[in-house]
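Dear colleague,

Please find below the structure that I am handing over to you.

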Amino acid sequence: MWDRLLVDCNVATFEERPGNPLGLIENAAIGIADGKVVRVGKRTELAGFRAKQVDAFGGAWVTPGLIDCHTHLVFGGTRADEHAMRRAGASYEEIAKTGGGIASTVKQTAAASDEALLEQSRRRLHALMAGGCTTIEIKSGYGLDPDSELRLLKIAAELGKNEPVRIAPTLLALHALPADQRDRRAHYVGEIVDKLIPAAAKQGLATSVDAFCDTIAFTPEEVERLFKAAAHHGLRVRLHAEQLSNQHGAALAAQYRALSADHLEHLDEAGAKALAAAGTVAVLLPGAFYALQEEKKPPVALLRRHKVPMAVATDCNPGTSPMLSPTLAMNMACTFFGLTPEEALAGMTINAARALGLAYAVGSVAAGKQADLAVWRIESIAELGYWVGLPGPERRIFGGIDN
C-alpha cells in the first residue's frame with residue numbers, strides 16, 4: 001500500500017532511455033511512499049498496485065521539481081537606482097567603481113536586522129517556489145568578512161526551516177574586495193582562508209565554497225588559495241568564471257573538480273575541454289546577460305561539442321539579475337543562448353542537481369529519489385521554454401505532498 005498514486009499524466013523523468021534521452025513516458029503513473037518515488041512507468045504497469053490516495057491529473061505533464069542552482073537570495077535593500085544608471089549607459093565596472101554594485105548591497109545588508117533580512121528573503125523564496133522550484137541554492141557573499149558571511153549562511157538556513165523546499169547553502173567566500181582592503185589583498189584573502197573557511201566547515205553551514213574570478217574581483221591565484229583551503233576542510237567548490245573576461249577560471253575550477261563553473265560568456269575551448277574532463281557543470285545565467293545588456297554569449301555550441309552538462313539558473317540578485325521566475329530563466333536560455341526547450345528544462349532539473357551535488361536525491365523522477373515534482377497544464381514539454389512569463393505549475397509537490 002503506497003501513500004499516493006499519480007495517474008493519467010505524462011512524465012518527463014530525465015532518466016535517459018534508449019532513443020528517449022528525456023525518459024518521456026506518456027499515459028504514465030507514479031507511486032509515492034515515505035516522501036519518495038517508489039515506481040514510475042506506464043499506467044498499465046502500475047495497475048495492480050494500491051495507494052491510500054489516487055490523483056488523476058487529466059493528461060498534465062509531470063516533471064521533476066525545478067532546481068535553481070545559482071541564487072544570491074539573502075540580501076538587504078535593492079539596487080533599482082543602478083538599473084536606471086545602466087539604462088543611461090553606465091557599465092557594470094563603472095557602477096562598481098563609484099561605490100555601487102556589490103558594495104552597495106553589502107552596506108544595506110549590514111544595516112538590516114536578521115528579522116528584516118528573513119522577511120525580505122522569504123518573499124523572494126516564495127516567488128521561486130511558486131514558479132516550480134523545490135530545491136534552491138542560496139549563496140552568502142554580501143558580508144565580506146568572516147562574521148558577516150557566517151551570519152548570512154545562518155539566515156539562509158533559517159529561511160529554509162518550516163518551508164516545503166530544500167535549501168543548498170553555498171559560502172561565496174571571495175565575492176568582492178572591501179574598499180578598506182584594497183592595499184591589503186593578501187591579508188584579506190588570508191582572513192577568509194584561515195578564519196572563514198574553517199568556521200563554516202566546523203559549523204556545517206555550507207555544502208560548497210564559491211568565488212568570483214575576474215578582473216574586478218579575484219585572481220586565479222587567490223581563488224586557488226581558497227580552493228585548497230576548501231578541499232582541506234572537505235568542502236566542494238564552485239566558481240563564477242569567465243563572465244566579463246577570460247581569466248581561465250573554468251580550467252582552474254576543473255582542476256579542483258568543481259561542481260560547477262557559472263556564467264562562462266568568455267569561455268574558450270581549452271576551458272570547455274577541462275570542464276568536460278572533470279565532469280563540471282556549466283551553469284548558464286541568462287538573467288545577468290539580459291540585465292547587463294551583454295553581447296558576448298556563452299559558447300553553447302562549444303559546450304555541446306564537448307558534452308559539458310549545462311544547467312540554467314535565475315542568478316537572483318539585487319544588481320545584475322533581479323529575476324524571480326525560473327520559467328523565464330528557461331525561456332531566456334532558449335531565446336538568448338539558443339538552448340532547446342529540452343536542454344533548458346534539463347538545465348533546471350537533472351543538470352542543476354548535478355551542479356549542486358544532489359543528483360543522487362533530486363533532479364529526475366526515479367525510484368528512490370525524493371518525490372519533488374511539478375505538474376504543468378501544458379500540451380508538450382517544449383512549452384516550458386516557449387512561453388514568456390509562464391506562471392508556475394498547477395501543482396507543486398514536495399516530498400510527495402502538495403503545497
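The notes below begin with the basis of the model and then turn to the annotated sites, the cavities and several individual residues.

**Basis**

This is a predicted model, in which local features need pLDDT of at least 70 and side-chain atom pairs count only at pLDDT 80 or more, while totals for chains, interfaces and linings use all residues. Residues are numbered from 1 along each chain as its sequence is written, and side-chain values use heavy atoms, with hydrogens and water left out.

**Annotated domain and binding site**

In an unreviewed entry, UniProt lists residues 61-376 as "domain: Amidohydrolase-related". UniProt positions are given in the numbering used here, feature names are shortened, and annotations may be inferred rather than shown by experiment. Helices (H or I, at least four residues) and strands (E, at least two) are DSSP runs, numbered from the N terminus.

The UniProt annotation "binding site", also from an unreviewed entry, covers Arg79, Tyr142, His175, Gln243 and Thr320. From this set, Arg79, Tyr142, His175, Gln243 and Thr320 are found in the lining of the largest cavity.

**Cavities**

The structure holds 2 cavities of 30 Å³ or more. A cavity is a set of points, on a 1 Å grid over the protein atoms alone, where a 1.4 Å probe fits but cannot get out; lining residues have an atom within 4 Å of a point. Grid points are joined across faces, edges and corners, and a volume is the space filled by probe spheres set on the points.

The largest cavity contains about 130 Å³ of space. It is lined by 13 residues, of which His72, Tyr92, His175, Asn317 and Thr320 are the closest to its centre. By class, this lining comprises 4 nonpolar, 7 polar and 2 charged residues. Here Ala, Val, Leu, Ile, Met, Phe, Trp, Tyr, Cys and Pro count as nonpolar, Asp, Glu, Lys and Arg as charged, and the others, Gly among them, as polar.

The second largest cavity contains about 30 Å³. Glu137, Ala168, Thr170, Thr207, Ser208, Arg238, Leu259 and Leu356 line this cavity, and they divide into 3 nonpolar, 3 polar and 2 charged residues.

Arg79 lies in the loop between β5 (66-68) and α1 (80-87). Its relative accessibility is 3%, so Arg79 counts as buried (under 20% relative accessible area, with exposed over 50% and partly exposed in between; 1.4 Å probe, protein chains only). Beyond its neighbours within four places in sequence, Arg79 is in contact (heavy atoms within 4.5 Å) with Gly101, Ile102, Ser104, Thr105, Pro318, Gly319 and Thr320.

His175 is placed in the loop between β7 (166-174) and α6 (185-203). With 5% relative accessibility, His175 is likewise buried. Not counting residues up to four places away in sequence, its contacts include His72, Gly141, Tyr142 and Leu144. The side chain of His175 also reaches the backbone oxygen of Gly141 at 2.8 Å.

Gln243 sits in the loop between β9 (236-241) and α8 (249-255), and it is buried at a relative accessible area of 7%. Among the residues that Gln243 touches, leaving out those up to four places away in sequence, are Phe212, Asp214, His263 and Glu265.

**Other residues**

His240 lies in strand β9 and is buried, with a relative accessible area of 4%. A polar contact of 3.5 Å joins the side chains of His240 and His72. A polar contact is a pair of N or O atoms within 3.5 Å; within protein, one must be able to donate a hydrogen and the other to accept it, and residues adjacent in sequence count only if both atoms are side-chain atoms. The C-alpha atoms of His240 and His263 are separated by 6.4 Å, although these residues are 23 residues apart along the chain.

Two residues have a positive phi without being glycine. Leu144, with phi of about 70°, belongs to the loop between β6 (133-139) and α5 (146-160) and is buried at 11% relative accessibility. Glu242, with phi near 55°, is in the loop between β9 and α8 and is buried, with a relative accessible area of 1%.

With kind regards

Definitions and conventions. On a 1 Å grid over the protein atoms alone, a cavity is a set of points where a 1.4 Å probe fits but cannot get out, and a pocket is an open set with protein on both sides within 12 Å along at least five of seven lines; lining residues have an atom within 4 Å of a point.
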